[in-house]
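Please examine the sequence and the three-dimensional structure below before reading on.

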Amino acid sequence: MAKGPSPQGLEDALAPALGAGVGVEGLRRLSGGASRETWQFDAVTADGIRHELVLRRDPPGRPSAPGGMALEARALRAAHCAGLPVPVVLVDDASGASFGSAGMVMERIAGESIARRILRDDEYALGRAVMTGQCGEFLARLHSIPPREVPGLHEEDALTALRLWYDQMVAALDDTPSATFELAFRWLDTRRPVRDRVTVVHGDFRLGNFIVGTDGLRAVLDWELVHLGDPLEDLGWLCTKAWRFGAEPAVGGFGTIDELVRAYEATGGGPVDRAALHWWLVFGTLRWGVICMGQAVAHLLGAVRSVELAAIGRRVCEQEWDLLHELSEIEAFGAHIARQTPQFRGLHGRPTAVELLGAVREFLEGDVAEATEGRVRFHARVAANVVGMVTREIELGAEQTASYAEGLAGLGVSSEAELAAKVARAELDDRQDELIGFLLRTVGDKLAVANPKLLRP
């Protein structure tokens, strides 16, 4: 396990900003953050003034994102200079000498960042009511920042880059490509919107990266994916279904697209083409599916061993499910959870493997969760979900596998790799309804194992 940051290193790094004799107190790692670590602490100056701060750093030994922490710090400083609600960066160090890896220290903003609490708790009801407008205003002002204010930003074709990354993920996993993803890539490639401007793009603008209070949006965090691109990328990502966290409203689970666009245009963001916005929403769904694959790769190849990353790898089917409905514009085929297969004693008797997994899950959800806090408690819940997933695969897997093989044969292929290749070459365009039906049934079976809640009315 990698070491935490050194308090002495933090004190030395902060001395130029806060003065000699600054001390670090209460250093602890916060839960969440699949790609970067977040550490909370207080810095107390020689005259007793307390500063509530956060260290954000790369996991030691793991390669940094393109541009690295220095680019993220420059983007935050530019956003702050433009008057946007972001944390103030006190110090950044790309060398890793101060914090054990590349990182930066910034002010800690009071508020909530857990999406489900923001969307559910009465405390944030008034904040939710104004957040859509605040998000539209934020993005309009962000997209007005001259790119020269953030040196080092690069532009690339988003779809081409995603295709390259996807192919790398498939190769790294030595896994079958997704026929649904191939269908989505073709749909996007043949409907590319015309881009009339290039702006600074946050790249991950969504709940989970917001600090929210009773007054709504207080700060936007996690700028590691900042780049130059089409401004509608940020709006489409905010509207992607994955970032609604189960809530109905199309914008982050808290607002409507009309509200978002109205606020964006009124603040000078420029006219929003609704068809182009939908294209970016579909792109966002596919992008999150590829990111889920990337998280699994990081775990399976040993770059970062994590139960959270392993679990995220099984969320690919959620994005396949959403893509099929976004592309086909048809109602669900009524996919349902198969009945539980009776468990017989067999060779090993009772408790069966499923019953043993049930006991482990109860232990994780009960004793472990109650006796821990922070990151360990969060990962205990993730581990309990993984156990539930394995249980359902044991119960349903044989029947699902037989149905899957039968469906492939009906389409004249022997594997999903062969099916994906035919979809990519447009060889099944004359059997589109049959293809979509098979994919919906197949992805529905995957969801019945990975996240059956998404199949319920």
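The points that follow concern nonpolar cores, helix packing, cysteines and backbone angles.

The structure is a predicted model. Its largest nonpolar core has 78 residues, and helix 9, which spans residues 274-300, gives the most to this core. The structure holds zero disulfides.

**Nonpolar cores**

- In soluble globular proteins, nonpolar side chains tend to be buried together.
- Within the largest nonpolar core, of 78 residues, those with the most contacts are Phe138, Phe210 and Trp223.
- Helix 9 gives 14 residues to this core.
- Apart from this core lies another, of 25 residues, and among them are Leu419, Ile436, Val443 and Leu447.

**Helix 5 against helix 9**

- Two packed helices are described by the angle between their axes and the distance between the axes.
- For helix 5 (residues 158-173) and helix 9, the angle is about 30 degrees and the axes are 10 Å apart.
- Angles under 35 degrees count as roughly parallel, and helix 5 and helix 9 are therefore roughly parallel to each other.
- The crossing of helix 5 and helix 9 is left-handed.
- On the side of helix 5, the residues that meet helix 9 include Leu162, Trp165, Tyr166 and Met169.
- On the side of helix 9, the residues that meet helix 5 include Trp279, Trp280, Phe283 and Leu286.

**Gly284 in helix 9**

- Gly284 is located in helix 9 and is buried, at 1% relative accessibility.
- Leaving aside neighbours within four places in sequence, Gly284 is in contact with Trp237 and Thr240.
- Gly284 and Leu327 are 43 residues apart along the chain, and their C-alpha atoms are separated by 13 Å.

**Helix 6 against helix 15**

- Helix 6 (residues 179-189) packs with helix 15 at an angle of about 130 degrees, and their axes are 10 Å apart.
- Helix 6 and helix 15 are therefore oblique to each other.
- Helix 6 and helix 15 form a left-handed crossing.
- Ala179, Thr180 and Leu183 of helix 6 meet residues of helix 15 that include Leu435, Ile436 and Val443.
- Ile436 and Val443 are also among the residues of the core of 25 residues.

- A disulfide is a covalent bond between the sulfur atoms of two cysteines.
- Cys135 is in no disulfide, and the nearest cysteine sulfur, that of Cys239, is 9.6 Å away.
- Cys135 is buried, at 0% relative accessibility.
- The closest cysteine sulfur to that of Cys317 belongs to Cys292, at 9.1 Å, which is too far for a bond.
- Cys317 is buried, with a relative accessibility of 4%.

**Positive phi angles in loops**

- Most residues other than glycine have a negative phi, and most peptide bonds are trans.
- Phe245 is a residue other than glycine, yet its phi is positive, near 50 degrees.
- Phe245 lies in the loop between helix 7 (232-239) and helix 8 (257-266), and Phe245 is partly exposed, with a relative accessible area of 21%.
- Ala426, which is not a glycine, has a positive phi of about 60 degrees.
- Ala426 lies in the loop between helix 14 (416-424) and helix 15 (432-450), and Ala426 counts as partly exposed at 32% relative accessibility.

Conventions: Residues numbered from 1 in each chain as written. Predicted model: local features only at pLDDT ≥ 70, side-chain atom pairs only at ≥ 80, totals over all residues. Heavy atoms only, no water. Helix = DSSP H or I, 4+ residues; strand = E, 2+ residues; numbered from the N terminus. Buried < 20%, exposed > 50% of the residue type's maximum accessible area, 1.4 Å probe, protein only. Core = buried A, V, L, I, M, F, W, Y, C linked by side-chain atoms within 4.5 Å. Disulfide = S-S within 2.5 Å. Contact = heavy atoms within 4.5 Å. Axes fitted to C-alpha atoms, helices over the stretch in contact; angles between N-to-C directions. Parallel < 35°, antiparallel > 145°, perpendicular 65-115°, else oblique. Left-handed = near helix turned anticlockwise from the far one by under 90°.
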